[in-house]
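This briefing is intended to be read alongside the sequence and the model.

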Amino acid sequence: MPYGPHAADDRAQMLEAIGISSVDALFEDIPEPLRASPLRLDEPEPELELSARLAALAARNRVDLASFLGAGAYRHWTPATVDQMLLRGEWYTAYTPYQPEVSQGTLQSIYEYQSLLAELTALDVVSASHYDGGAATAEAALMTCRATRRERVLVSRGVHPHYRQTLETYAEGAGLVADEIPLVADGPLAGTTDLAALERMLADPDRRVAGVVAAQPNVLGLLEDMPEIGRLGHAAGALFVSVIEPVSLAVLAPPGEYGADIAAGEGQPLGIPLSYGGPYLGIVACTDALVRQIPGRLVGLTSDLDGRRAFVMTLRAREQDIRREKAASNICTNQALLALAASIYVATIGPHGLRDVAALGAARAAELEAALAAAGAPRAHDGPYLNEFVVRVPDAPVLHARLLDRGVLAGIPTAALLPDEPSLADGLLVCATEVTTAADIDRFASALRLELAGAATGGVR
Amino acid sequence: MVPGDLRYTKEHEWVRVDGDEATVGITQYAADQLGDIVFVELPDAGRSIDQFATFGVVESVKAVSDLFAPVSGEVTGTNDALAGEPELVNTDPYGGGWMVKLRLTDAAQLDELLDPGAYEQLIAEG
Amino acid sequence: MTVVGDRLQPTIFERSRPGRGGGKIPHPPKDALARIPAGHRRGNPAALPELAEPDVVRHYVNLSQLNYAIDTGFYPLGSCTMKYNPKLNEWAARLPGFAGLHPMAPDAVAQGTLQLLFELEELLAEISGMDAVTLQPAAGAHGELTGILMVRAYHRSRGDTERTEVLVPDSSHGTNPATATMAGFRTITIPSAPDGGVDVEAFRAALGPRTAAIMITNPSTLGLFERRIGELLEATHAAGALAYMDGANLNAILGRFKPGEAGFDVMHFNTHKTFSTPHGGGGPGAGPVGVGARLAPFLPAPRVLRAEDGSFRLERPAERPTSIGRMRSFTGSSGVLVRAYAYIRAHGAAGLREVSDDAVLAANYLKHRLAGTYQVPFERACKHEFVASAADIKHRTGVRTLDIAKRLIDKGYHPPTIYFPLTVEEAMLIEPTETESLETLDGFADALIEIAREAETDPALVTSAPHDAPVRRLDETTAARQPNLRWRGMTGAQLPCPD
């Protein structure tokens, strides 16, 4: 065993102390007919060979392309402080701080994370227990149902489809209904949540709504009229869940300011690597009024017997290990290490740095928009966006594949991401951040110009 | 120790009846067993509750316990002071620590409850 | 700045001074945000702290040193499998090819990760004896929910909507009943038998046409293998129900018991326990789920598939309509799964079997060492963990398990899990794992024995412990009655200047 500690006669000494001759005696309680067939696995791999295997697998992934991928996971520059700190064993080889006297590091870091995110979202209570944006959104929707004792939530189709699908899975289990609010199909508001439809759906007296869920920016990158969505929801007695992207909160109005009761979202942009989708950090924040409904661990400030300030997990009796079948959620995790990464990221770049990251992304996106439009791919929508938008191109999936051959990850074909939106059959959702370079944009625009020229002479089809 | 003018459930709730109004709380014994009470979840006014059904939850730092209605009735009021001062359940369980008031629907149900002597015996047995 | 205690740290907000830090991000063009309508803009900048990099580093290094961790000492937290976390795995997960891969990257660009995930599914299927595995769940409890939702979908696919109950033993993890509730089931709690095992007769009596599933942790949370598991599985299936195994304790039975072979229909793995992906102060973990053939159609989407040409791809939306759907965004916690993959490959079949052999041997040895001093309610061979009880000590001296746990801190050890399972009075659930040396095990046993002596001779020393920790015991009552869950102290001169 590669990490085993035993010297030659240690096992013999333990066996002798227990009074048995073989470790097999300790497994005799497994009934004979149920004992395992031999494990068919490869031989143990020495670390030298294993590291080569892992490096070879990693090298099969292409991470050298000019990438314009976004849609819920974003490329950002991460200061070196984040990983240097994360590699300290005191952080990553500890567990849930059940013993506060020897866990003040983790406890204070979670409290600080709660505080930083409360500040960014302008809400009161933040839980660091959530897996990712999808699961966080689902838990937020369930919170609205518990708080209002209603069983129906309305989810804008502007919310990331993975989040909607996750919410659908959770709602199905809990016996709740999730109905989708359509997007405006054309005109100046195209691509944003259809407020008239929302108003009609909220008006049904027999199917009262617990919560309205909308995203800012939405999955198409567009900015929604969040104050109005919240107002409509509240007028019908529903709670309002805002699905947010945390970096954007440095420059966009925070959920607490426009009346959101809950913010949910994906914390990955705050210094967490893309890693093909995880591990990520689900953000859930809410008003004080909903503190009893928020699932997961919460850390509070208190004092020790000598009156020294200290931190402790609190409101524990809400949780599954105490409340069992009556718990608000089965969540046991806290994503402490990722919450720590987010905190170190924010602490290192500071409020102005975070604002600059968001603003640079917006500036690069505007350059990208101009370059793509000049190359023949105009924006598909008129409304304002921050750093992600849809362009119209002919035969998007085929074009996307051809651009890949030219070394460009040309965003995501909207037909693949949102197959149920016929108005988006010929789009690419593209994104720029502070790491997008002018050279990347040139490469994309040039490749696009060549492909579209080819298409004009029958090349693409 | 156990007030003589109340009736009790085996789950350690007490009820005081005044006309058709029943006031309900938990006993000192229950509060001591739970330890420091930190939160009491109570029903909305207007809700009807059946005898021995759960009507709320009481939480201490590391335990949680359901609350059972000693009698059936409609909730006419709850003790709002407990939201800010849940410790009243520990310090004054039969007074300021009361939990709900019910409009009594069937006075005969009181006969199904323990009298002070029987309750005292119950807690003596642990 | 309030500096509290010797080793305690001010909050990051108290360290803030406007104008510190910066220089990390290039300045954006002045008009970068001009095209964003004012109504969408944030007014004042968020009141986030401003620190120079050296202050950031000192803050987090000093905070880290207030933690106890596997890398600093013995962490016998029962039910949590706090084994050594190999450093190779940290390196591997950070390889740019893995860490830099976008989750929406086309399959052609993601072949390395897809291959790793596909192979890991096969490895876990072999280890568990299951037919298929999903790597999507982000944690053990998330895996439980995934599994129980599949059970629900299975019964519904057969038109059987009457099965509304899930049976769990009273010694189960709290996540089991909480999961049942989330999946729309009613939990029926079954008391344990006097020998600590599941009470098969009580289960039999509760099983029926309303039972959707039983959820069993095997070995149990008492560290005991369920000797009558065969009978129980038979009775479950005879009643038309399915059997879920909580794999939290898989570290005890690698290569000795394959739940799928034995007849379990579905189980989850805790990669952060069995396969040593780090616990991270509580997370992130991962909770893959293995299923038998009956449940495979219901696995969450998307699955990782191998094409005939040997390349790998993700299932496309709606490719498998029987799926329960998505449990999360994207594909799974690949960064965690890389570590689990490396761990399994490093061990191979012989190494994994040795893991369990050594974990079980260490637990039995520790139990043997403590048996004269503490009560060991179940005398038969334990698996990877065991329950000791301080009930006698408490009755004699007034010293409780909590006190003993706190005193262990003074002696340099992380306390075991305490007051769980709920079925044993003054319980300590001790799990040494296979990566601790004989000297460490002996040192820990000596410390616990010494504390038992102190309880007799100087109980106040124990009840007031810890004495040698960054803080003493905490006021948890005030923390819960008047929750302070965020810092609100950054005002005036500490606030960032408006832009």
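Among contacts in chain A between residues at least 6 apart in sequence, 71% join residues at least 24 apart; two residues are in contact if their C-beta atoms, placed from the backbone, lie within 7 Å. This is a predicted model, in which local features need pLDDT of at least 70 and side-chain atom pairs count only at pLDDT 80 or more, whereas totals for chains, interfaces and linings use all residues. Residues are numbered from 1 along each chain as its sequence is written, while chains are lettered from A and ligands numbered from 1 in the order in which they are written.

**Chain A**
- Chain A has 461 residues, of which 64% count as buried (20 or more other C-beta atoms within 10 Å of the residue's own, with C-beta atoms placed from the backbone).
- Its secondary structure comprises 14 helices and 14 strands, which are DSSP runs numbered from the N terminus (helices H or I, at least four residues; strands E, at least two).
- Along the principal axes, the C-alpha atoms of chain A fill a box of roughly 85 × 55 × 50 Å.

**Contact of chain A with chain C**
- Chain A contributes 165 residues to this contact and chain C contributes 177 residues.
- On the side of chain A, the largest share, 21 residues, comes from H11(A).
- That side of chain A divides into 88 nonpolar, 47 polar and 30 charged residues (Ala, Val, Leu, Ile, Met, Phe, Trp, Tyr, Cys and Pro count as nonpolar; Asp, Glu, Lys and Arg as charged; the others, Gly among them, as polar).

**Helices H11(A) and H1(C)**
- The axes of helix H11 (residues 336-374) of chain A and helix H1 (residues 53-64) of chain C come within 9 Å and cross at roughly 155°.
- H11(A) and H1(C) are therefore roughly antiparallel to each other (an angle over 145 degrees).
- Ile344(A), Ala347(A) and Thr348(A) in H11(A) meet Glu53(C), Val56(C) and Tyr60(C) in H1(C).
- The residues of this helix contact are four nonpolar, one polar and one charged.

**Contact of chain A with chain B**
- Four residues from chain A and six residues from chain B form this contact.
- The chain A side consists of two nonpolar, no polar and two charged residues.

**Helix H8(C)**
- In helix H8 (residues 229-238) of chain C, the buried residues are Ile229(C), Leu232(C), Leu233(C) and Thr236(C).
- These residues lie on the same side of H8(C), because they cover an arc of only 100° around the axis (the arc of the directions from the helix axis to the C-beta atoms).
- Their cover includes helix H7 (200-206), strand S4 (211-217), strand S5 (242-246) and helix H9 (259-262) of chain C.
- Gly240(C), which follows H8(C), has a positive phi near 85°.

Note on methods. A residue is buried if 20 or more other C-beta atoms lie within 10 Å of its own, exposed if 12 or fewer, and partly exposed in between; C-beta atoms are placed from the backbone. Axes are lines fitted to C-alpha atoms, for helices over the stretch in contact, and angles run from 0 to 180 degrees between N-to-C directions. Angles under 35 degrees count as roughly parallel, over 145 as roughly antiparallel, 65 to 115 as roughly perpendicular and the rest as oblique.
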